[in-house]
Amino acid sequence: MTYFLQNVVNALQWGSFYALIALGYSMVYGVLLLFNFAHGDVFMVGSYIGFFVATGLVGLSATGIITLPYWLILVLTILISMILTSFVGMLIERVGYRPLRDAPRASAAITGLMIGIILETLNLIALGAERYKFPELLQSQTYDFMGVSITNKKIMIVFVSLLLMYLLNLFVMKTKWGMAMRAMAYDFAVVPLMGIPLNTIAALTFGLGSALAAAAGILFGTAYPVMDPYMGVTIGWKAFVAAILGGRGSIVGAAVAGFILGFIEIFSASIFPSTYRDLIAYSIILLILVFRPHGLFGQEHTSKLRL
Amino acid sequence: MNKRVVVSILLLLVLSVLLTACGGGGSDVIRIGINAPLTGDNPKVGEGTKYAAEMWLEDINAAGGLDVGGKKYQVELVIEDNEYKAESATKANTKLITQDEVLLIIGPQSSQQAVPAGGVANDNKTPMISPWSTNPNTTKDRPWVFRTPFLDPFQGPVIANFAAEQFGATKAAVLYDVASDYPKGLAEFFKQAWEEKFGEGSVVAFESFTTKDQDFSAQLTKIKESGADFIFTPQYYSEVPLIVQQAHELGWDKPIVGSDSWGSAELVNLCGDDCDGLFFSTHYAAAGATGATKEFIDRYNAKYGYVPDDVGALTWDTLLIAQTAIQNCGKITGDLAVDRECVRDALANIKDFHGITGDMTFTPEGDPIKCAVIVRISDAGEFEFFKQVCP
């Protein structure tokens with residue numbers, strides 16, 4: 001029983017990352033009908049921006065000009081990095097996607113791949129290939145609940161992820177901008193004719209998705225503090241799987257599917273020999289898609305997608 | 001201009017560039033190829049290789065060149081990046097052998113690259129010495145391939161014996177990367193050695209993951225549940241901190257033991273306090289070194305600002321072995337095939353070479369006979385000599 005519960009805790013943390021990253025894929029698809037394959041690398045960029053913001057704030061605090069407690073540094077790091085990374089996302093949209101909006105879908109798809117490679121290589125050139133250690137802003141503490149080990153980091157990660165998903169949902173459902181996004185997702189050919197600026201909404205969507213990826217990147221840095229330029233590749237691909245599993249363009253779907261993917265991976269590894277983890281995990285997902293080809297929350301008609 | 005003309009001009013340009021690249025290199029120059037991971041997953045390994053090689057070249061240049069049979073030859077190092085990938089390592093070897101026309105190749109470092117790259121060197125009859133690869137397949141049935149470290153089949157029992165004595169352990173857990181030659185090989189040799197000692201089923205958890213994985217919580221939860229006395233994880237410095245930290249966060253307070261892949265200067269930077277007090281087996285210990293080893297460490301530290309890890313030390317030994325072999329050859333004819341064969345034969349005949357990582361004599365297989373060292377990571381984060389284990 002404790003074994004089972006321990007794995008539930010493990011899966012909740014691991015699923016949070018998939019969910020946060022999958023949301024970015026899903027939103028962009030919902031509005032613009034394209035997958036931003038550079039998203040995993042935006043996650044990496046967000047993590048590195050977080051690294052520099054956190055290091056800067058820790059350094060500033062150490063000089064004694066203003067003394068900040070570590071929890072405040074963590075909060076500030078997340079907020080500042082989300083804002084900075086959203087600009088990176090908007091820049092990617094402006095440079096990589098807007099000029100290609102009327103180009104064939106395949107061109108837009110490989111744009112993402114190319115931007116991803118460019119981001120990785122730029123990082124490699126700027127910072128070199130050595131590993132960076134994400135600053136330890138949250139002193140790790142392990143609590144023992146009837147044999148189940150829970151750390152303050154795990155609680156923080158799951159809590160912040162859920163909070164961000166809730167705020168995103170609030171934004172999309174309750175604000176005018178959110179309504180514009182949903183309208184665009186419904187029909188992006190006609191809605192701009194009603195006076196909704198397509199370019200602004202596209203930039204907003206990329207910005208929001210990138211901000212979430214940055215948050216994921218920083219939370220990831222606190223849990224897995226070894227960073228490298230290719231850290232976003234595998235997790236980006238797997239989060240893409242979660243986005244599809246959730247149903248293309250569905251926000252709730254992406255969030256739920258992210259956690260489902262986390263659970264499937266962790267439990268495949270804990271029940272079967274861990275060598276077969278990905279084989280079993282992704283066979284299960286293939287099976288789900290065979291029976292639900294539009295994903296868990298996706299709709300039959302792809303032209304009428306809902307955010 | 002029509003298309004055909006443009007294409008032929010371009011082709012001519014490419015050809016002329018290639019030709020000029022191939023030309024040059026008079027008969028007074030000895031070219032040595034270095035195949036190292038300057039970028040990719042283990043850049044620190046590539047850096048250590050490069051720095052050691054540059055230090056060696058400095059010595060050669062200071063002496064006015066390499067003296068072979070009374071004639072001084074200039075030495076040129078051709079350093080190729082293998083990006084820590086098997087495909088790139090074989091490509092780099094092919095380029096070094098056919099295009100750069102090197103006399104011999106130093107590297108690749110990790111077995112993942114050295115095993116496939118060794119095949120290329122052997123097929124092309126070019127001597128290759130891997131300074132760091134410990135997997136038996138690197139040199140197996142390959143008369144042209146040599147190495148300077150001890151082998152995994154030796155390291156497996158060393159760690160098994162050490163853990164049994166030091167911790168009084170009877171149940172072992174292993175966590176390794178199934179997609180990488182070195183950890184996979186060593187994990188299996190360790191398992192074999194442990195089960196010979198304590199019988200079938202005494203390795204209570206044999207868990208794996210794949211390269212690039214960052215979350216090991218499921219595997220570590222399983223290991224904790226299995227009641228093992230310690231974890232053996234033959235992983236690299238970029239993964240070890242994550243494994244150790246996650247184990248501690250899951251409430252694991254028993255020992256974690258590693259192998260020579262832990263021995264990077266970067267490990268302690270990334271791991272912090274979590275790695276203090278852990279043990280691993282390796283080729284040499286920097287803290288408390290004496291003689292030529294200390295001389296090398298001090299010089300390296302003064303030049304590059306950190307204590308060299310085992311890759312640096314082994315690369316240094318490898319270059320000196322290569323130098324000895326070339327000098328034992330007696331002369332450079334300029335005919336690459338003849339010279340390469342001469343160097344190979346000289347390498348095979350090296351006896352009692354005094355290296356900074358220990359004394360070596362090559363077996364007919366191209367492997368050295370030498371001792372291993374158990375290192376403890378001190379509370380200050382230094383690699384301390386703990387004990388020596390000889391075959």
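# Questions on a predicted two-chain model

Student: In what order do the seven strands of the open sheet in chain B lie?
Tutor: In this predicted model, seven strands of chain B form an open sheet with mixed pairing. From one strand to the next, the twist averages 25°. The order is β8-β7-β9-β10-β11-β14-β15.

Student: Which strands of chain B stand at the edges of the sheet?
Tutor: A strand at the edge has a single partner strand, so one of its sides is left without a neighbour in the sheet. In chain B this applies to β8 and β15 (383–389).

Student: In which sense do β7 and β9 of chain B pair?
Tutor: Strands of a sheet pair through backbone hydrogen bonds, either parallel or antiparallel. Residues 172–177 make up β7(B) and residues 230–232 make up β9(B), and three bridges join the two strands. Within this pair, A173(B) is opposite I231(B). The sense is parallel.

Student: Which strands of chain B does helix α6 touch?
Tutor: Helix α6(B), residues 181–198, packs on the sheet. Its direction makes about 165° with that of β7(B). The strands touched by α6(B) are β7, β8 and β9.

Student: Which element gives the largest share of the side of chain B that touches chain A?
Tutor: The contact takes 27 residues from chain B and 25 residues from chain A. On the side of chain B, α2 (43–62), β8 (203–209), α7 (217–226), α8 (240–249) and α9 (265–271) each supply at least two residues. That side divides into eight nonpolar, 11 polar and eight charged residues. The largest share, six residues, comes from α7(B).

Student: Why does α2(A) count as roughly parallel to α4(A)?
Tutor: Two packed helices are described by the angle between their axes and the distance between the axes. The axes of α2(A), residues 39–63, and α4(A), residues 105–127, come within 8 Å and cross at roughly 30°. Angles under 35 degrees count as roughly parallel. That makes α2(A) roughly parallel to α4(A).

Student: Which residues of α4(A) make the contact with α2(A)?
Tutor: The crossing of α2(A) past α4(A) is left-handed. On the α2(A) side the contact is made by G40(A), D41(A), M44(A), V45(A) and Y48(A). Counting both helices, the contact has four nonpolar, three polar and two charged residues. From α4(A) come G116(A), L119(A), E120(A) and N123(A).

Student: What is the radius of gyration of chain A?
Tutor: Chain A has 10 helices and four strands. For its 307 residues the globule rule gives 19 Å, and the value for the chain is close to that, so chain A is as compact as a globular protein of that length. The radius of gyration is 19 Å.

Terms used: Residues are numbered from 1 along each chain as its sequence is written. Chains are lettered from A and ligands numbered from 1 in the order in which they are written. This is a predicted model: local features need pLDDT of at least 70, side-chain atom pairs count only at pLDDT 80 or more; totals for chains, interfaces and linings use all residues. Two residues are in contact if their C-beta atoms, placed from the backbone, lie within 7 Å. Ala, Val, Leu, Ile, Met, Phe, Trp, Tyr, Cys and Pro count as nonpolar, Asp, Glu, Lys and Arg as charged, and the others, Gly among them, as polar. Two strands pair if DSSP finds at least two bridges between them. Axes are lines fitted to C-alpha atoms, for helices over the stretch in contact, and angles run from 0 to 180 degrees between N-to-C directions. Angles under 35 degrees count as roughly parallel, over 145 as roughly antiparallel, 65 to 115 as roughly perpendicular and the rest as oblique. A crossing is left-handed if the near helix is turned anticlockwise from the far one by less than a right angle, and right-handed if clockwise. The radius of gyration is taken over C-alpha atoms; the globule rule is 2.2 Å times the number of residues to the power 0.38.
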